[in-house]
Amino acid sequence: MKEIEVSSIISAVKDMCIEASHFLTKDMEDTLVKAVDAEESELGKQVLKKLEDNLKIAKEDMIPICQDTGMAVLFVEVGQEVHITGGNLTDAINEGVRQGYVDGFLRKSVVSDPIERVNTKDNTPAVIHYDIVPGDKLKLTIAPKGFGSENMSRVFMLKPADGIEGVKDAIVNAVKDAGPNACPPMVVGVGIGGTFEKCALLAKKALTRPVNVHSEIPYVKDLEIEMLKRINESGIGPGGLGGTTTALAVNINTYATHIAGLPVAVNICCHVNRHSTREL
Amino acid sequence: MDKYITTPLDDSIVNDLHAGDMVYITGTIYTARDAAHLRMYNTLRENKPLPFDIKGNIIYYMGPSPAREGRPIGSAGPTTASRMDKYTPELLDLGLKGMIGKGKRTEDVKSAIIRNNAVYFAAIGGAGALLSKSIQTSKVIAYDDLGTEAIRELEVKDFPVIVVIDSEGNNLYETAIEKFKK
């Protein structure tokens with residue numbers, strides 16, 4: 001049994017909120033920089049260069065990459081040999097989010113109720129997904145999600161007869177509908193299989209996979225490559241102002257499903273695909 | 001084409017702006033997003049005056065992150081304009097001349113842009129750190145309780161935007177996509 005004090009969880013979550021809002025992971029930054037040369041539109045190139053400058057300013061001056069510093073989404077893997085001491089885990093995570101957003105000059109974008117809409121003023125509560133895993137580690141991944149792109153995400157309950165062609169059309173149509181609203185170039189997270197909620201979770205988690213790493217399943221890898229090509233043929237381009245870089249990556253996760261179903265979720269993220277991971 | 005303009009806008013300035021132009025704005029602009037638009041809408045229903053004179057002015061759909069000490073504002077990029085579509089035609093009919101946001105607008109908004117000789121600009125979405133460098137001062141002038149959604153008066157210098165829908169109804173999002181579609 002390993003003991004982990006809540007204070008160390010609070011400070012890790014706080015640091016991760018601030019880190020994710022100001023620094024993209026290296027795979028994201030490299031992919032964005034590489035896109036400048038490949039882009040065929042002159043205006044598109046200019047937009048991509050400005051996004052590159054934006055990342056530099058964010059880092060050097062500690063200004064969030066995007067003013068929408070998101071709703072804090074956390075994936076938490078709790079080793080079954082871990083014992084949390086000094087408080088409860090969910091409270092500790094929310095306290096870390098509170099401190100990160102208040103002390104880190106991040107925007108408070110959360111309202112306590114979807115209809116009454118009163119701002120909680122500290123960006124809590126977070127959306128937390130727990131997984132119990134073997135071992136004695138606590139792994140925290142934070143993925144603050146902006147809503148320009150979240151609003152353009154979709155779930156499709158396809159039929160088995162729709163097959164892989166149906167899945168392809170669902171992905172491309174979701175991206176085309178999103179267009180300039182989702183701040184392209186986007187990263188497209190896709191979940192295929194499971195149930196209604198499981199496929200959405202698969203799609204969200206797919207966004208946290210490095211954009212230069214493909215699925216280990218051969219047909220899924222092929223699908224990722226084909227979808228990226230088709231999306232980039234849509235013409236939407238950087239900022240939606242026309243061009244050949246509409247998405248930087250398509251990450252797809254799959255799961256077993258029911259004999260009667262083929263759920264597909266498309267979780268769209270903008271180019272500010274932020275996430276940060278720590279293991280305690 | 002690169003164009004430099006100062007606010008407030010009038011017909012001669014707007015007539016010279018065409019879909020696809022890069023425009024650098026200097027002067028006073030006002031921020032308002034979802035919650036501020038709802039309040040302005042309700043204010044008009046009560047026949048009360050809006051919190052600022054919108055005639056000839058530009059609304060920037062933006063809610064900033066908090067400013068660090070010694071800085072006028074935090075990260076300050078555009079939010080999705082379509083969420084304001086419901087309220088926009090009425091504001092344009094009352095004299096609003098320009099909007100800065102990102103993303104598609106409805107046909108109703110486009111018609112109101114043409115009818116009132118106005119313009120819809122896009123700023124680069126997700127470039128809030130870069131865009132904040134063109135904002136010199138920021139002052140909350142209404143709805144302080146809304147936090148990031150309050151109405152702010154901004155002084156901007158060479159604030160970079162692109163004309164998406166011009167006063168003739170040309171729409172860059174539609175034409176530019178066709179050029180690169182394969």
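Modeller: Let's look at strand 4 of chain B, which runs parallel to strand 3 (residues 58-60) of chain B and is joined to strand 3 by three bridges. Strands here are DSSP runs of E with at least two residues, helices are runs of H or I with at least four, and both are numbered from the N terminus; two strands pair if DSSP finds at least two bridges between them. Please keep in mind that this is a predicted model, where local features need pLDDT of at least 70, side-chain atom pairs count only at pLDDT 80 or more, and totals for chains, interfaces and linings use all residues. Residues are numbered from 1 along each chain as its sequence is written, while chains are lettered from A and ligands numbered from 1 in the order in which they are written.

Within strand 4 of chain B, B:I100 is the bridge partner of B:Y60. Getting from strand 3 of chain B to strand 4 of chain B, the chain passes through helix 3 (residues 88-93) of chain B in a right-handed β-α-β crossover. Right-handed means that, with the strands pointing away from the viewer, the path from the first strand over the helix to the second runs clockwise.

Strand 5 (residues 119-122) of chain B also runs parallel to strand 4 of chain B, with four bridges joining them. Here B:M99 has B:Y120 as its bridge partner. Strand 4, helix 4 (residues 107-115) and strand 5 of chain B form a right-handed β-α-β unit.

Finally, both faces of strand 4 (residues 98-101) of chain B are covered, with B:G98 and B:I100 buried on one side and B:M99 and B:G101 buried on the other. Buried means that 20 or more other C-beta atoms, placed from the backbone, lie within 10 Å of the residue's own.

Conventions: A residue is buried if 20 or more other C-beta atoms lie within 10 Å of its own, exposed if 12 or fewer, and partly exposed in between; C-beta atoms are placed from the backbone.
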